[in-house]
Amino acid sequence: MYDIAIIGAGINGCSVAYEFIKEGKRVIIFDKEGIASGGSGAAGAFVSPKFSKAGELKEMLHSAFLYSYDFYDKNFPQNFTKAQLVHIAKDEADDEALHIYKQNTQLPLQKIPIDLQIQLSEDAKKREYVSIDAGVVDAQRVCNDMVCGAKFVKEKVETLIFDDDFWVINESYSARNVVLATGAYDMLIKEPYIKLRGVWGHRIDITTTIQNPCSIHQYVSISPSDEGKIAIGATHNVHFHPEKNKEAYDIEQGRAELLQKAAKTLNLENVEVIQDYMGLRSGSFDYLPMLGSLVLSNETLLTCKGSLHVKKPDYSEYVYYPNLTMINGSGGYGFVLAPYLAKILTEHILHGKKISERISPARFFARWAKRR
Ligand SMILES: Cc1cc2nc3c(=O)[nH]c(=O)nc-3n(C[C@H](O)[C@H](O)[C@H](O)COP(=O)(O)OP(=O)(O)OC[C@H]3O[C@@H](n4cnc5c(N)ncnc54)[C@H](O)[C@@H]3O)c2cc1C
């Protein structure tokens, strides 16, 4: 019997595993493909805040950035490269947003280093930019290191049955708690109010004769040079889904798009693509992550009949799956959010600490129930 079973070994599942292992708990983690094989394996894994004017997601990402930067630096320095980040505006509206960001941020601002300045395109040089100290994670390695101490099972989870006081997984494993960290690939528990948007992304590693000292974000993200290698990512394709499309993904087209966008920022020379990475990001429909317990919709519709249409529903009245939570919907910020959310989820499961209603999956139940 395990204390916790985690389904999905992307950065979200692995971060939760890490927190539970640290607490001395028995952890089992499943993935149908392998560790960091979904969106997490494809990610450039830049750790940065969101450079917009204002908003709930921006505020959360700011806190998550500060937390996760320290987290990777302290716990996984071997998998974390500190690098100056240069975020360049794409257009005039972006110029204004970055200008406002710079006036309001508490983060120490940097200047673009001269050796990068001379390599930027003419368009990029004219634009507003924000530069701060940030970092890049080695996605594959960090996920592998995080689950050291857990039992990893390469298996698709097909069945989850609650038997009295514990969950039985694939009729073979049992655990007191289950965390669903399945990204955009599969939602094992089918509830009508849980809807996630899968956005396909393609990233490439290239060799080039130029040296880039910084992480650069403009039309795409460009990593600092690492032994002559630079990562460029990522495309945002809402039409392709590996489990739904009949036609294969067009890799050549994806490469061309990435190189064309990168060339709008940086004068790249003698480029050769050496590796492709692809995967799905998983986003919620209000862009905030989904963290916490899942509402049992049929049971809640029956028990809360009279109070489902009130302006401010009381989520504590809802009926929830026992000892079952989810961590998902991180969109393009999984590596920024995962350590921060995993900590919150662990404190919730082990010590009953409340999770903000703004990121609780129950908010989607409340909206869905009202619309019915
Ligand atoms: C190209 C690209 C570039 C990106 N760049 C960045 C970036 O620079 N910075 C950043 O912070 N974020 C970035 N992201 C986003 C980030 O990768 C995601 O937010 C993050 O990977 C989400 O992690 P996850 O653990 O929720 O999902 P995933 O990594 O997708 O993991 C889910 C796992 O669940 C497994 N699974 C699903 N169902 C089952 C089942 N029934 N049984 C067993 N296993 C199952 C899947 O095999 C998969 O491995 C990028 C994403 C992409 C695609």
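## Ground rules

Two strands count as paired here if DSSP finds at least two bridges between them. Helices (H or I, at least four residues) and strands (E, at least two) are DSSP runs, numbered from the N terminus. With that in hand, take Met 290: its bridge partner in β16 is Asn 328.

This is a predicted model, in which local features need pLDDT of at least 70 and side-chain atom pairs count only at pLDDT 80 or more, while totals for chains, interfaces and linings use all residues. Residues are numbered from 1 along each chain as its sequence is written.

## The eight-stranded sheet

Now for the open sheet: eight strands, in the order β3-β5-β4-β11-β12-β13-β10-β14, with mixed pairing. Its edge strands, β3 (46-47) and β14 (272-283), each pair on one side only. Helix α8 (residues 251-263) packs on this sheet and touches β10, β12 (221-222), β13 and β14. The direction of α8 makes about 70° with that of β10, where axes are lines fitted to C-alpha atoms (for helices, over the stretch in contact) and angles run from 0 to 180 degrees between N-to-C directions.

Strand β10 (residues 197-207) has a partner on the β13 side, pairing with β13 (residues 229-233) in the antiparallel sense over five bridges. Ile 206 has Ile 230 of β13 as its bridge partner, and Ile 204 stands opposite Ile 232 in β13. β10 also runs antiparallel to β14, joined to it by 11 bridges, and there Arg 203 is partnered by Tyr 277. Eight of the 11 residues of β10 are buried, so the rest of the structure largely encloses it. Buried means that 20 or more other C-beta atoms lie within 10 Å of a residue's own, exposed means 12 or fewer, and partly exposed is in between, with C-beta atoms placed from the backbone.

## Helix α7

Which residues of α7 (residues 139-146) are buried? They are Ala 139, Val 142, Cys 143 and Met 146. Looking down the axis of α7, these buried residues fall within an arc of 100°, so they line one face of the helix; the arc is that of the directions from the helix axis to the C-beta atoms. Among the elements covering them are α1 (11-22), α2 (39-42) and β5 (129-137).

## Gly 292 and its strand

Gly 292 sits in strand β15 (residues 290-295), a mostly covered strand with six of its six residues buried. β15 pairs with β16 (residues 320-328), antiparallel, over five bridges. Gly 292 itself counts as buried because it has 25 C-beta neighbours inside 10 Å.

Leaving out residues up to four places away in sequence, Gly 292 touches Thr 325, His 348, Ile 355, Ser 360 and Pro 361. Of these, Ile 355 is 63 residues from Gly 292 in sequence, yet the two are 6.9 Å apart in space, C-alpha to C-alpha.

Most residues other than glycine have a negative phi, and most peptide bonds are trans. Ala 45, in the loop between α2 and β3, has a positive phi, near 60°. Glu 227, in the loop between β12 and β13, has a positive phi too, near 50°.

Buried or exposed? Ala 45 counts as buried because it has 29 C-beta neighbours inside 10 Å, whereas Glu 227 counts as exposed, with 5. There's also a cis peptide bond joining Gly 233 and Ala 234, with omega about 0°; Ala 234 lies in the loop between β13 and α8.

Technical notes:
Contact = placed C-beta atoms within 7 Å.
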